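Please read them alongside the coordinates.

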Amino acid sequence: EKNIEKLLESLKKQSFSKELFEVIIVNDHSTDNTDEIINDFINKNKEFDVKLLKAEKTGKKHAISQALHTAINELVIVTDADCVLNDLWIESIVGFYQEEKCKMILAPVLLSPAENLFEKMQVLEHLSLIGSTAGSASIGFPVMCNGANMAYERKAALEVEKFRKDFDIPSGDDMFLLEQFVKCYGHNNVKFLLSKSAVVKTKTCKTIKDFFRQRRRWVSKTKSYTSWKVIVTALIVLFFNLSIISLFVSAFFVPALWSIYFLLTLLKFFIDFPLLKNITSFMDQRNLLKWALPLEFIYPFYAVFTAVSGLLIKVNWKR
């Protein structure tokens, strides 16, 4: 209820002709005033094609599937209830789809605001993920995506749904779908739209507890991946960060290892920096680059902790 009206207003402001798209919202068992807010918006905007569905089953994946089976148009674009869209969002995605004729489109997500240090670190880390998503897709190696901003052909999504076996896993509505699209249609049918017009903004986590809950939910799905590319990528990241932590701990007992620890951390920084520089420039977030080096010293501990806890602790979509 705190976010849905902003999303609806940003959809209303879209430059794309309202006669050419429909909006489908699925209420996944919300217990607040979400329904009332949406219905009030629908009543005030009769010319706007908005459908409100009540989820038949529990969980985001079932909600998206229900909307997918309700949709009537060729292209489906997905976002989350707590997002705000650029006015050219739909127009840019549709234009890219008509040009590329691919089955799936991935697009950028920006966390906002970045007012305190905790939020700035979140935004910078998330930008590194978006940069990696764009880069891996551009070389035909798509291994990441974000369900807050993606699009795909409706018929193709209905087809790959027949092969999905992940509906009982709380998280991964985006990643498992990507995995199945690549299996069915090949990596060349997945493209990243690197355009400021396609950027979606969503909120940073306000508390550390919410932050780790979210990240554990993301990690929890890892053990169910079947794509060797995704699995190998995840393992490389995990073991590299484990190596840094091992050096950090060992250096207290063998001081000579401090130099290796700092050199390895700096090596990672110099590898990451070009990517961070490019994605922060694209997103107009260059002011965050000064936090890139401090983040390199924090990231290994956070990454390993969330990886281990996400795999060992049972997570739920709802709190």
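1. A cut-off comes first: a residue is buried under 20% relative accessible area, exposed over 50%, and partly exposed in between. Asp49, at 33%, is therefore partly exposed. Its salt-bridge partner is Lys51, with 3.2 Å from N to O. Lys51 has a relative accessible area of 28%, so this residue is partly exposed too. Keep in mind throughout that the model is predicted.

2. The sheet. Three strands form an open sheet in the order β4-β9-β6, with mixed pairing. β4 (83-85) and β6 (109-112) are the edge strands; each has a single partner, so one side of each lacks a neighbour in the sheet. Neighbouring strands are turned by 30 degrees against each other on average, direction ignored.

3. The end of β6. β6 pairs with β9 (residues 200-203) in the parallel sense, over 4 bridges. Ser112 has Lys203 of β9 as its bridge partner. Which kind of peptide bond joins Ser112 and Pro113? The bond is cis, with omega at about 5 degrees. Pro113 sits in the loop between β6 and α5 (117-138).

4. Positive phi. Most residues other than glycine have a negative phi. Lys101 is not a glycine, yet its phi is positive, about 55 degrees. Lys101 lies in the loop between α4 (89-100) and β5 (104-106), and its relative accessibility of 54% makes it exposed. Asp284, also not a glycine, has a positive phi of about 60 degrees. Its place is the loop between α10 (257-282) and α11 (292-312).

5. Asp284 again. Its side chain meets that of Lys196 in a salt bridge, at 3.3 Å from N to O. Lys196 lies in the loop between β8 (190-192) and β9, and Asp284 in the loop between α10 and α11, so the pair ties together parts 88 residues apart in sequence. Lys196 is partly exposed at 43%, while Asp284 is exposed at 53%.

6. A second link across the sequence. Lys206 and Glu119 form a salt bridge, with the closest N and O atoms 2.9 Å apart. Lys206 is in the loop between β9 and α8 (208-220), and Glu119 is in helix α5, 87 residues apart.

7. Overall count. The salt bridges come to 15. Among the residues involved, Glu22, Asp49 and Lys51 are joined into one network by bridges that share partners.

Conventions
Residues are numbered from 1 along each chain as its sequence is written. This is a predicted model: local features need pLDDT of at least 70, side-chain atom pairs count only at pLDDT 80 or more; totals for chains, interfaces and linings use all residues. Side-chain values use heavy atoms; hydrogens and water are left out. Two strands pair if DSSP finds at least two bridges between them. Helices (H or I, at least four residues) and strands (E, at least two) are DSSP runs, numbered from the N terminus. Axes are lines fitted to C-alpha atoms, for helices over the stretch in contact, and angles run from 0 to 180 degrees between N-to-C directions. Buried means under 20% relative accessible area, exposed over 50%, partly exposed in between (1.4 Å probe, protein chains only). A salt bridge is a side-chain nitrogen of Lys or Arg within 4 Å of a carboxyl oxygen of Asp or Glu.
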